[in-house]
Amino acid sequence: MSSTSGTPDPTASFELYRRRLLGLAYRMLGSMADAEDAVQETYVRWHGTKRDKVADPRAFLMTTTTRICLDALKSARAPREEYVGPWLPEPVLDTAALAPDSRTELAEDLSIALLLTLDRLTPLERAAFLLHDVFDFSFNEVAAALDRSEAACRKLAVRAREHVRAVRPRGATAPPTRPGEIDAKHARLLSVFMAATQAGDVTALTQLLASDVRVVTDGGGKVRAALNVIEGADRVAQFVVNAARPHEGQWWRDDFTPRFAIINGLPGVIVEAPEGTVQTAAFEITGDIIRAMYVVRTPEKLRHFGDAGLTWS
């Protein structure tokens, strides 16, 4: 389809790349809402450019999205420094919708551990790493996107890669057998975990946890959440039991409904109430041991959740 000017229709030509652009923006920003805004701004610029003069639409659109994200990260610096408690990326269920077309080692990795590592990189390190290692850009293309020399971009990517390799082993959970579906082994483990939590059985919980287990809770200063990372099996078990007692801070109510789901590629639990989703918890699991829990309670990060992709326990 062509427009009246003879240039390719902007919507049709843009939609060919929307998924990879959204995947790039989410990895850059850690927020689906912000990623969608970045992709929409890319579309506006695509609509306004002389598209018949663009030799490589993929490179143009990826470069534009990258630069929009870099600008957004600069603007977000002050608010993030004032963020109340730990920050976690906005949880997502459908990681396939954010996967690049490439088959790189990290193409389908949207684990929270990886996203937290990306967040600790400089924006340029993050961009260079994602473009090259995840989205299969050549370093020549990365250099053009970042307006840096090819050698400088190689150094940025190397530094980023070292940080990523250092943390990836923690997220050792096997991928689901089917997209969006938690496997039977993990479902049993989480069922035991939830039963012990509701029973207040600290001993049983402790046996499910790695000695160096950690819990990260993100309430964004809007709802009750731990203001620091909680580490160690004994402390985590006691924290989880206390959080499940309504009189201990209203983390749990009788009308809450937990459901199993794959969250950022990890087995997890989504907690719903009549008013909507109130919490997600993603679990890093090695064998039969829980190594980490990532709990998101910030309302703005849960607004996009619905029933799709969830399975009952």
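Predicted model: local features only at pLDDT ≥ 70, side-chain atom pairs only at ≥ 80, totals over all residues.
**Entry 1: Leu-146.** Setting aside neighbours within four places in sequence, I found Leu-146 in contact with Thr-66, Leu-70, Leu-124, Ala-127, Ala-128, Cys-153 and Leu-156.

**Entry 2: the nonpolar cores.** I then asked where Leu-146 stands in the largest nonpolar core. That core has 48 residues, and Leu-146 is listed with Tyr-26, Met-28, Leu-118, Phe-129 and Val-142 as having the most contacts inside it. At least two residues of this core are supplied by each of helix 2, helix 3, helix 4, helix 5, helix 6, helix 7 (139–146) and helix 8. Helix 2 provides the largest share, seven residues. I also noted a second, separate core of 34 residues, which includes Val-213, Ala-233, Val-240 and Phe-260. As background, nonpolar side chains in soluble globular proteins tend to be buried together.

**Entry 3: helix 5.** How many residues of helix 5 (residues 112–120) are buried? I recorded seven of nine, so that this helix is mostly covered. The buried residues are Ile-112, Ala-113, Leu-114, Leu-115, Leu-116, Thr-117 and Leu-118. I next looked up what covers them, and the list includes helix 2 (18–29), helix 6 (123–134), helix 8 (150–167), strand 5 (276–286) and strand 6 (289–296).

**Entry 4: Arg-20.** From helix 2 I selected Arg-20. Is Arg-20 buried or exposed? Its relative accessible area is 16%, which is under the 20% limit, so Arg-20 counts as buried. Not counting residues up to four places away in sequence, Arg-20 touches Arg-58, Met-62, Asp-101 and Phe-135.

**Entry 5: Thr-277.** From strand 5 I selected Thr-277. With a relative accessible area of 17%, Thr-277 falls under 20% and is therefore buried. Beyond its neighbours within four places in sequence, I found Thr-277 in contact with Ile-270, Val-271, Glu-272, Leu-302 and Phe-305. For Thr-277 and Leu-302 I noted a separation of 25 residues in sequence and of 6.3 Å in space, C-alpha to C-alpha.

**Entry 6: the second largest pocket.** I recorded a volume of about 710 Å³ for the second largest pocket. Its lining consists of 26 residues, and Leu-29, Asp-34, Ala-76, Arg-80 and Trp-87 lie nearest its centre. The elements that give two or more residues to this lining are helix 3 (32–48), helix 4 (57–81) and helix 6. Which helix gives the most? Helix 4 does, with seven residues. By type, I listed the lining residues of this pocket as 10 nonpolar, five polar and 11 charged.

**Entry 7: cysteines.** I searched the whole structure for disulfides and found zero. A disulfide is a covalent bond between the sulfur atoms of two cysteines. I also looked up Cys-69, which has 0% relative accessibility and so counts as buried.

**Entry 8: the chain as a whole.** The protein chain has 11 helices and six strands. Of its 313 residues, 50% are buried. Among contacts between residues at least 6 apart in sequence, I noted that 65% join residues at least 24 apart.

Definitions and conventions
Residues numbered from 1 in each chain as written. Heavy atoms only, no water. Disulfide = S-S within 2.5 Å. Buried < 20%, exposed > 50% of the residue type's maximum accessible area, 1.4 Å probe, protein only. Helix = DSSP H or I, 4+ residues; strand = E, 2+ residues; numbered from the N terminus. Contact = heavy atoms within 4.5 Å. 1 Å grid on protein atoms, 1.4 Å probe; cavity = no way out; pocket = protein on both sides within 12 Å on 5 of 7 lines; lining within 4 Å. Points joined across faces, edges and corners; volume = space filled by probe spheres on them. Nonpolar A, V, L, I, M, F, W, Y, C, P; charged D, E, K, R; others polar. Core = buried A, V, L, I, M, F, W, Y, C linked by side-chain atoms within 4.5 Å.
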